[in-house]
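Have a look at the structure first.

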Amino acid sequence: MSNYLTYPCKNMKITQSYSGTTSHKPHTTGRPADFPWDEAGANGGREWMYCPCDEMKIVRLYTRGANTIWLESTSEVDFADGTSDFASGQITHPNNDDFKNLKEGQIFKRGEKICREGTDGNATGNHFHFSFGKGKIKGSGWTQNSNGKWVLTTTNGTYKPEKLFYVDKSFTKVIQTKGISFKTLPKAKKSKYSTGDYEVTTSLLRVRKGAGTKYSKKKFKDFTVGARNQIIEIAGRPMDGYVKGVQFTALEVSGNWGKTPSGWVHLGYCKKLP
C-alpha cells in the first residue's frame, strides 16, 4: 500500500495554527518561514506522538532551551497535496523522561510511539510544537529567520500541515482544527492481483521505488543479488529493469502494483505462477 503521511496523534486538538496572531506569527511572516502548529491532545494530559509513515529516524536531538527532535523519513512518502518526497519534521517540548530514551539514528515504524507531549522550555501547558516540510533535514535542521525565530530547514522547503498530512479517521479523532482543513486518508483500492510468485512477460519491466509511475526508477545496482543473477543469465548483461522471464515474489499489492524484494513493478506486465 502507499506510504501515506498521516496525522501523528490519536486526538487532534490544535490550539494554535500557523496563521495565529501570537507566538507563531513571526515564524510564518519572516524569511525563511515555516508553518508550525500546536497540538495539545484531548484533555491537556501527555498524549503520544506516533510515527506517521512507514519509517522515520531521528537525525538530531537538541537539549539546550526547549527539547527538540528532528525526524526524517527513510523513504519517500505520499503527501496530501498529491506529491511524493521524503518528509522531515521538528517536534518541540517533550519532557526529559521521554527525551532521555531517544537517540540519534533511532528508527521508528509506522504507528510506533515516539514521545509524549510536554512542557519543556517553559511551555504553559502540555503540547507538541510541530513543523514539517518536504525533503531531508537541511544543515542543522533550523535557522533564525528575519524575525528572529528559529524555523525548520529542509532540502525542499517547509509546508503547511494540510498540504502534507492526511487524517486517518480510524486512528485520529478530530476535536479541534483551528481552521486547518485536512484531507481524509483515501480508502485502499481493491486489486485484481494478489501476492505470490510472478514471471515477467514484457521485454523490460521497470522497477520503481513506490507503487506508481511518479516514483523514480531503480537501476541494476539497486536490485537484489538474486534479481541481478536472473537478469544476467537471461539477457547476458546488466539491465535497469526486469527482463522477460525473470521470476519474483510479490510480497505486497497496491492496485496494479506489486512490491518485489527489489522494488515495485506493474503486475499487468507479468503472469501469476501456479
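## Ground rules

Helices (H or I, at least four residues) and strands (E, at least two) are DSSP runs, numbered from the N terminus. By that count, the protein chain has 4 helices and 24 strands.

This is a predicted model, where local features need pLDDT of at least 70, side-chain atom pairs count only at pLDDT 80 or more, and totals for chains, interfaces and linings use all residues. Residues are numbered from 1 along each chain as its sequence is written, and side-chain values use heavy atoms, with hydrogens and water left out.

## The whole chain

The C-alpha trace spans about 65 × 35 × 35 Å along its principal axes. Of the 274 residues, 49% count as buried, meaning under 20% relative accessible area with a 1.4 Å probe, protein chains only.

Now for contacts, i.e. heavy atoms within 4.5 Å. Take those between residues at least 6 apart in sequence: 66% of them join residues at least 24 apart.

Strands count as paired if DSSP finds at least two bridges between them.

Strand β17 (residues 196-200) runs antiparallel to β20, and 4 bridges join the two. For E199, the bridge partner in β20 is Q247.

Conventions:
Buried means under 20% relative accessible area, exposed over 50%, partly exposed in between (1.4 Å probe, protein chains only).
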